[in-house]
Amino acid sequence: MMTDLIVIGGGLSGCEAAWQAANRGIHVRLYEMRPARLTPAHKSGELAELVCSNSLGSDLRNKPAGLIKAELRRLNSFVVKCADETALPAGGALAVDRDRFSRTVTEKLEKIQNLEIIRLEVTEIPRSPVIIATGPLTSDRLAEDISAYLGSGLLYFYDAIAPIVSRESLDMSIAFHASRYNADQETEGDYINCPFTQEDYLAFVDALVHAKRVELPEFDHRADRESSAGSGKYFEACLPIEVLAYRNPIALSYGPMRPVGIRNSHDGSRPFAIVQLRQENLAKTLYNMVGFQTNLTYEEQRRVFRMIPGLQDAEFVQLGQMHRNTYINAPAALLATTQSRQRADLFFAGQIAGIEGYAGNIASGLVAGINAARVLKGETPLIFPPETMIGALLAYTADADSLNFQPMKANHGLMPQLELRIMSKRDRGFALAKRALRQLDVFIAENGLDHDEKTV
């Protein structure tokens, strides 16, 4: 029986996979090329560094992101536990202090005796049992080897990270604290909101769509083109704000700048649109511009974003940027176990496997780690029930149309319909969660997955 496993990539999915396998008695070698070789998006050499947002999404069980995290907690997820330990106030969401989170993950993994962390770039697929969890910024040489091995090619799209501003540079005589539908006006909301009048909003959108953008490399000749919105194939769930504004000038006020559920605490008015800022660290000195992924040049970001009421003197400690996102054609390449269709001891997890969203990446890493350990022990790998969010998401990556495949994040549309039709979206979400967690409990008991965390 082989008991050695290679995990390539020290992001969320790779760290979760490594912990799950090591916790089952497997000797794991976790390869991470940073800090010797950085990526366009990462800033440090810490494991599990978050680059797009510090939010892991809703923590409410009737929401897809909340349900998948509830499932992960029942499955003893290492990364979610680290997130819970470093959580910040974020309304009904799970947000973390990025630095503390990645440091916590790194320090805990370094203490595991049968887990070795190796700071080295891997340039080809190992011939021994391996989980590839290299994420959206897989190095070119490894990406080429994966493409050649699978034969189905790699697809590319562009993803973006949002700017971060310093708290002390905000004009709080204009901006104000509030959470959506905050019933308790006596308490300070978890978000800082920058309110727009209709006139301010239209002027901002006009400046946004005419601002200079960064030219994107032609990674994929099949990519969609929009000459006025920048080149490249964008993932629809994470579009740059200038692309949204170009498509429809009013789109932002119904998307990332929607004012629903917000009242201006200065005068009680309802803004035409808002920009929300989310707490980035425990010290409350940094705030993330929610939903403001962008491909504007740095100079233009400073000019245009200072048109936002309350940000006229903003200090940008991080500006937004676009980066290449690499993923495989998962339905043509993978099973719902996260295994390669061509090789039983080759697994893919995280964004390179067509999974979007932090929680989804953690989930695919968890399943890959569990199943890799099972294969090494001569056991049958597990397919999670489709009634669970984890099972539904992995079923999508295995069974979707391979000719038109795009990465997917956790959503209720992936799950089997309920026997009884429920009109209320909220109640339907709770009913799906109740069914999912009930099925997961049965699955855990049947497969001996219900275990206490132990030192390995």
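Helices α10 and α11 are roughly perpendicular to each other, because their angle falls in the 65 to 115 degree band. The angle is about 85°, and the axes lie 10 Å apart. This is a predicted model. The protein has 12 helices and 18 strands. Of its 456 residues, 59% are buried. Among contacts with a separation of 6 or more, 69% join residues 24 or more positions apart.

**Helix α10 against helix α11**

- Helix α10 covers residues 358-376, and helix α11 covers residues 389-399.
- On the α10 side, the contact uses G360, A363, S364 and V367.
- On the α11 side, the partners are I390, L393 and L394.
- The residues of this contact divide into 5 nonpolar and 2 polar, with no charged residue.

**Helix α2 against helix α11**

- Which way do α2 and α11 cross? Their axes cross at roughly 110° and come within 8 Å.
- That angle also lies between 65 and 115 degrees, so α2 and α11 are roughly perpendicular to each other.
- From α2, the residues in contact are P64, L67, I68, E71 and L72.
- They meet M389, I390 and L393 of α11.
- Here the residues of the contact divide into 7 nonpolar, no polar and 1 charged.
- I390 and L393 of α11 meet α2, and I390 and L393 also meet α10.

- Helix α2 is mostly covered, with 8 of its 11 residues buried.
- The buried residues are P64, G66, L67, I68, K69, A70, E71 and L72.
- K69 and E71 are on that buried list.
- What do the buried residues of α2 pack against? They pack against the strands β3 and β5 (93-96), and against the helices α3 (78-85), α10, α11 and α12.
- Just after α2, N76 takes a positive phi of about 65°.

**Helix α12**

- Helix α12 runs over residues 425-447, which is 23 residues.
- At 1.5 Å a residue, α12 should span 33 Å, and its end C-alpha atoms are 32 Å apart, so the two values agree.
- The buried residues in α12 are G429, L432, A433, R435, A436, L437, L440, F443 and I444.
- An α-helix has 3.6 residues a turn, so residues three or four places apart point the same way.
- Part of the cover over the buried residues of α12 comes from α2 (64-74).
- Just after α12, G448 has a positive phi of about 65°.

**Aromatic pairs**

- How many aromatic pairs does the whole structure hold? A search finds 10.
- One of them joins F292 and F305, with 5.5 Å centre to centre and 70° between the planes.
- This pair is edge-to-face.
- F292 sits in the loop between β15 (286-289) and α8 (298-305), while F305 belongs to helix α8.
- The two residues are 13 apart, and the pair links distant parts of the chain.
- Are these two rings buried or exposed? F292 counts as buried because its relative accessibility is 0%, under the 20% cut-off.
- F305 has a relative accessible area of 0%, so F305 is buried too.
- Ring pairs link F196, Y201, F204, F272, F292, F305 and F316 into a cluster.

**Loop between β2 and β3**

- A48 lies in the loop between β2 and β3.
- A48 has a positive phi of about 55°, although A48 is not a glycine.
- A48 is buried, because its relative accessible area is 0%.
- E49 is also found in the loop between β2 (27-31) and β3 (55-58).
- At 16% relative accessibility, E49 counts as buried, because the cut-off is under 20%.
- E49 and L12 are 37 residues apart in sequence.
- In space, E49 and L12 are 7.9 Å apart, C-alpha to C-alpha.

**Loop between α9 and β18**

- Where is T338? T338 lies in the loop between α9 (330-333) and β18 (346-348).
- T338 has a positive phi of about 75° although T338 is not a glycine.
- With 3% relative accessibility, T338 counts as buried.

Technical notes: Residues numbered from 1 in each chain as written. Predicted model: local features only at pLDDT ≥ 70, side-chain atom pairs only at ≥ 80, totals over all residues. Heavy atoms only, no water. Helix = DSSP H or I, 4+ residues; strand = E, 2+ residues; numbered from the N terminus. Expected span 1.5 Å × (residues − 1). Buried < 20%, exposed > 50% of the residue type's maximum accessible area, 1.4 Å probe, protein only. Contact = heavy atoms within 4.5 Å. Axes fitted to C-alpha atoms, helices over the stretch in contact; angles between N-to-C directions. Parallel < 35°, antiparallel > 145°, perpendicular 65-115°, else oblique. Nonpolar A, V, L, I, M, F, W, Y, C, P; charged D, E, K, R; others polar. Phe/Tyr/Trp six-rings, centres within 6.5 Å; stacked < 30°, edge-to-face > 60°.
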